[in-house]
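Student: I would like to learn how to read a few side-chain features. Could we go through them one at a time?

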Amino acid sequence: MSLALFLSVKTKHLLTVLRIYVTIIMEVYDMPLIELRCEKCNKTYEELVKADGKYPACKFCGGETQQVYSGKLIVNDCKKSNCSGNCSSCGGCH
């Protein structure tokens, strides 16, 4: 087995173990993995945070962070017939 193939297999195995570990942490400690964006340096990254609505300081510059909402989101099954699921484009369900 070549070194590159060996490292590729080990990396995939490590990523699988890491995904399992993160899933356990999220379930046991009620810590969702969310996407954050720093208001100071504008960097975006994912982080495990407590589900209390308080976001940690940016790990790059210490600035204030906010959650990034991306993808489709349907709240309380109130999807309108012409809704794309992207609330930032239409102002959300009312």
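Student: Is Cys58 buried or exposed?

Tutor: Keep in mind that this is a predicted model. Cys58 has a relative accessible area of 5%, and under 20% counts as buried, so Cys58 is buried.

Student: How many disulfides does a search of the whole structure find?

Tutor: The general idea comes before the case. A disulfide is a covalent bond between the sulfur atoms of two cysteines. Here the search of the whole structure finds 0 disulfides. For Cys41, the nearest cysteine sulfur belongs to Cys38 and is 3.7 Å away. For Cys58, the nearest one is also that of Cys38, at 3.8 Å.

Student: What is the relative accessible area of Cys41?

Tutor: The value is 29%, and Cys41 is described as partly exposed.

Student: Which residues form an aromatic pair, and what is its geometry?

Tutor: Two things are read for such a pair: the distance between ring centres and the angle between ring planes. The whole structure holds 1 aromatic pair. Its members are Tyr45 and Phe60, with centres 5.5 Å apart and planes at 85°, which makes the pair edge-to-face.

Student: Which residue lies over the face of Phe60?

Tutor: Lys43 does, at 4.7 Å from the ring centre.

Note on methods: Residues numbered from 1 in each chain as written. Predicted model: local features only at pLDDT ≥ 70, side-chain atom pairs only at ≥ 80, totals over all residues. Heavy atoms only, no water. Disulfide = S-S within 2.5 Å. Buried < 20%, exposed > 50% of the residue type's maximum accessible area, 1.4 Å probe, protein only. Phe/Tyr/Trp six-rings, centres within 6.5 Å; stacked < 30°, edge-to-face > 60°. Lys NZ or Arg CZ within 6 Å of the ring centre and 35° of its normal.
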